[in-house]
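Student: I would like to go through this model term by term. For each label, please set the value against its definition.

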2 protein chains.
Amino acid sequence: MFPPRSVRYGANYVPSRGWFYSWLDFSADDARRDLADLAGIGLDHVRVFPVWPWIQPNRTLIRRRAVDDLLTLVDVAAEFGLSVAVDLLQGHLSSFDFLPSWVLTHHGRSVFTDEAVRQGIATYVDVLTREVAAKDNVFAVTLGNEVNNLWPHNPTDSGASRRWAAELLDVARAAAPHLLTLHSLYDATWYDPAHPFHPADNVDLGDLTTVHSWVFNGVSAIDGPLGPATLTHADYLVELAAATATDPARPVWLQEVGAPRPDVGADDAAPYTRGLLEAVGQNPALWGVTWWCSHDLDRGLADFPEREYDLGLFTVDHQAKPAAKELEAHVRAARAVPRTRPALVCPADLRAEPERRAEVAPGSAFHGAWVRRRRSGPVAVVTARRAGDEAYLQARGIDTVLQEQT
Amino acid sequence: MFPPRSVRYGANYVPSRGWFYSWLDFSADDARRDLADLAGIGLDHVRVFPVWPWIQPNRTLIRRRAVDDLLTLVDVAAEFGLSVAVDLLQGHLSSFDFLPSWVLTHHGRSVFTDEAVRQGIATYVDVLTREVAAKDNVFAVTLGNEVNNLWPHNPTDSGASRRWAAELLDVARAAAPHLLTLHSLYDATWYDPAHPFHPADNVDLGDLTTVHSWVFNGVSAIDGPLGPATLTHADYLVELAAATATDPARPVWLQEVGAPRPDVGADDAAPYTRGLLEAVGQNPALWGVTWWCSHDLDRGLADFPEREYDLGLFTVDHQAKPAAKELEAHVRAARAVPRTRPALVCPADLRAEPERRAEVAPGSAFHGAWVRRRRSGPVAVVTARRAGDEAYLQARGIDTVLQEQT
């Protein structure tokens, strides 16, 4: 009933010294020390984040040395057997937006809709993708971390958002056909009815779906830190993504998940991490888990949201924290997944009806019903439209469609 | 009647290779080649522009290497006998605003009014001023280039603008009592009745007054490029500044002036430069002239206003342009100034009545009257309130107060 399976485990790499500001003074030795920590707990990959305006300070200038620093980081990862996913357009990192002067203030132009800016970004995506694709240990490029956080300061609408991402994914795919090319969005795409980035973008664009599960989105207020809604939120999001895709075999990468304070207190970090990994680890759609993040943030750096300072698997002086130990134990254990499970019918088809997203948000009746069922074991999500499609259900490992009232 | 005098002549240093983006890959040799051009035409100083968010990417992080690069540039200037004025907060450069992520978008805070941001800037001003003050060839720090261009994207009002500058000038003065500490504003402070930075800021704050004369502000439309209004605009602005100061001996630095296309065509650059230098060179309040700018802009760099590409004294491959030759001839000639001149009474007291700024703007009746008189030789500006103050008039070299109707 529980066949072994292969899930990839990694970390979002946040430099222990100088956060991402360290790109301005890149040190391979500092990176080496950090990545040794991650390899040491059995992780197989890192997701890395160049900072856009420092690489492309002018629309027609891509700094060679900055590209070389990124390539050096990729090589350092290879020294430790780590493969690398590169997010291109940062863009958004931990509450801060990094935007070049050529889109700001007197040059105020939306990164999503201005044609000259889009051409500039296309060049950036093309150049960086070609460069990193030449490295054997790079396996993916993502357009940028949670690019929907660049809205509303960069105006867009759902049509423009989708065209923007589709166009840039085409650029990346042409530049590196052998890499996974991916889109990345924070979970307002799933839960906010008015959000101008749609669930269809998550599940149609890119070679697999990425989701970012953050329990401070409202779910920890339900029963956190160790309640079932909180511990299964990552699994829930993976399920929503799997149910929304047209392809029943489309994998879902849990590209970000972490143990944010104060939602998850220091004493609860270990059982929380264990519980969420156990839950999501049973999901047959799961492609991989990438923890946010590798290292804590130096409290000497100002203006970050409080929760950002303690998200590391490791402290700034390289001590493994409880979440690191739980993640390591999970990674090193034989992993298995139930062959089949029941499914709950979702009232909304998020792909076709994005205006109904509130019906699946944390705290909604459907979410509550799913969490209740999930206490007895894995439970899938299926849309009404496909609840009678036997081949589809089989492909997703669904043996029973529950007609439960939510 | 024309005693010799000492006026300082220099250039605003714009790197020939990579514009200010070159700070991200600073090369002392590139700077050396550029500054050799400037010393070669007899200039005595450069005004230099570090880029704020690259030095202080986090409110509590000032990058040592970036500071060292600035100090190296100062040392390179010393090799050529050039003294250096450092503008601190860029901030604004050639239509682009460089602002750190900690004041933008999700952290949206006005650099002028947010208390934490002001503290961060105060630290920046303190650290940079102390560092550059240790170099013998540094003579001035200016808070930042035309900081009023950071408005309206950074909200402010006239009270906040003045407090902001006064507070930061105190920081700089405490950090380096032997340097000139200066404020810098573009000419909307003189001409725009609603502008939230006042003429009083120019003439009360800092150790001398700085003015930036750009004929694309409307004056070239009157009679440019070689008409009297255009050629005397720099002199007019120096006069307005002198007339607005309470201290009749307060010097005025023409900190920026240039020959912008298309207002001044390539064929007119030489006579335009000669004419404007002759006119302003006769002004007894003139402390110095700093040409904008040292070097043209590589046309491979995008998104600059068209006029910015050809403002250099030198091309990107170090060829002296006509303006450079005229500036050199002017610098090397014995300079003199009439001992006395008549004055025209200005209808508005700009220091006390900033709402009347339109009455002195290019094209106003007063401006027209002044330009007409100026054709016969130097003519001062005096406020009605001080037109009968003999000691004041004498201190400003005014021998006659004209009762001309404007």
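Student: What makes the pair B:Arg109 and A:Asp303 a salt bridge?

Tutor: A salt bridge is a side-chain nitrogen of Lys or Arg within 4 Å of a carboxyl oxygen of Asp or Glu. The side chains of B:Arg109 and A:Asp303 meet at 2.9 Å, N to O, so the pair qualifies. Between chain A and chain B the count is eight salt bridges.

Student: What conventions apply to these values?

Tutor: This is a predicted model, in which local features need pLDDT of at least 70 and side-chain atom pairs count only at pLDDT 80 or more, while totals for chains, interfaces and linings use all residues. Residues are numbered from 1 along each chain as its sequence is written, chains are lettered from A in the order in which they are written, and side-chain values use heavy atoms, with hydrogens and water left out.

Student: What is the buried area between chain A and chain B?

Tutor: About 3,000 Å², with 55% of it on carbon and sulfur atoms; the term stands for the accessible area (1.4 Å probe) that two parts lose on being put together, summed over both. In chain A, the residues that lose the most area to chain B are A:Thr105, A:His106 and A:Asp303, together 19% of what that side buries. The contact (heavy atoms within 4.5 Å) takes 32 residues from chain A and 32 residues from chain B.

Student: Why is B:Ser220 called buried?

Tutor: Buried means under 20% relative accessible area, exposed over 50%, and partly exposed in between (1.4 Å probe, protein chains only). B:Ser220 has 15%, so the label buried applies.

Student: What makes B:Ser220 and B:Asp263 a polar contact?

Tutor: The term requires a pair of N or O atoms within 3.5 Å; within protein, one must be able to donate a hydrogen and the other to accept it, and residues adjacent in sequence count only if both atoms are side-chain atoms. The side chains of B:Ser220 and B:Asp263 are joined at 2.6 Å, so the distance falls within the cut-off.

Student: Which residues of helix 5 of chain B are buried?

Tutor: Among them are B:Ala160, B:Trp164, B:Leu168 and B:Ala172. The face turned away from the buried side carries the exposed residues B:Arg163 and B:Ala174.

Conventions
Helix = DSSP H or I, 4+ residues; strand = E, 2+ residues; numbered from the N terminus.
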